[in-house]
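Biologist: I'd like to learn how to read a helix and its surroundings. Could you walk me through one?

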Amino acid sequence: MSPRHFSRLSLAAAIGALAVAAFAATPSRASEEAVVIPAPAVDVQAADGIQTAVIAGGCFWGVQGVYQHTAGVLNAVSGYSGGSKMTANYTMIGTGTTGHAEAVEIKYDPKKISYGKILQIFFSVAHDPTQLNRQGPDIGTQYRSAIFTTNDEQKKVAEAYIAQLNAAKVYKKPIVTKVGPLQAFYPAEDYHQDYLTLHPNQPYIVFNDIPKIENLKKIFAENYIEKPTLVRNAKATN
């Protein structure tokens with residue numbers, strides 16, 4: 001069994017309601033702490049129509065959940081990017097040998113939220129960009145920090161922002177996030193979609209992901225929405 005399967009699925013059966021009760025008493029216990037960071041000095045020019053951003057920051061459950069609570073996001077889908085279509089499934093991804101990262105495809109309205117703001121949330125509350133090939137309890141290249149850019153402008157903004165944050169020394173360690181062109185994005189299995197909303201009391205979610213939502217609400221109050229924008233609802237309206 002991979003570390004991922006143990007930490008996320010076996011943990012639920014092992015500690016169950018006891019973990020939830022413990023978290024209620026000490027809600028600050030989370031795998032990654034949020035960091036207040038400056039907005040990007042360079043951003044993508046606002047354009048007409050729906051835009052796409054693809055990012056990877058560890059377990060896609062929490063990353064998807066963060067953007068489902070972000071205003072201006074029309075849909076956030078958990079999936080895989082970095083490898084081939086043949087290996088884009090949860091079982092093979094878990095081996096850490098496919099080249100894939102657990103990723104989230106974000107469809108957004110650039111008139112309501114910018115690409116730079118999406119990256120600011122990504123680096124601040126969605127994950128820890130200084131952890132190499134891991135996030136919290138999950139270890140392996142499939143949990144790496146990555147930005148998959150869809151065009152040269154996104155690449156320029158992402159690279160400039162990483163340089164800006166490193167220069168400002170907002171983290172204790174250098175950012176390890178890799179920036180590279182998006183080759184393809186493959187949606188994950190249905191049971192991974194909307195996972196945070198459907199399983200809010202699962203211990204992994206309680207310890208690792210609910211704090212991300214609380215940090216989004218606290219640090220990015222103007223971008224936070226209480227009701228999540230779910231994949232199942234997007235499917236129903238398309």
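Biologist: How many residues does helix α5 have, and what does it reach from its first C-alpha to its last?

Modeller: Some ground rules come first. This is a predicted model, where local features need pLDDT of at least 70 and side-chain atom pairs count only at pLDDT 80 or more, while totals for chains, interfaces and linings use all residues. Residues are numbered from 1 along each chain as its sequence is written, and side-chain values use heavy atoms, leaving out hydrogens and water.

Modeller: Helices (H or I, at least four residues) and strands (E, at least two) are DSSP runs, numbered from the N terminus. The expected span of a helix is 1.5 Å times one less than its number of residues. Helix α5, residues 152-168, has 17 residues and reaches 24 Å, close to the 24 Å expected.

Biologist: Which residues of α5 are buried?

Modeller: Buried means under 20% relative accessible area, exposed over 50%, and partly exposed in between (1.4 Å probe, protein chains only). In α5, Gln154, Val157, Ala158, Tyr161, Ile162 and Leu165 are buried. Seen down the axis of α5, they fall within an arc of 130 degrees, so they line one face of the helix; the arc is taken from the directions from the helix axis to the C-beta atoms. The face turned away from that buried side carries exposed Asp152, Lys156 and Ala167.

Biologist: What covers the buried residues of α5?

Modeller: The cover, judged by contact (heavy atoms within 4.5 Å), includes β1, β3, α4, β6 and β7.

Biologist: And what happens just after α5?

Modeller: There, Lys169 takes a positive phi of about 50 degrees.
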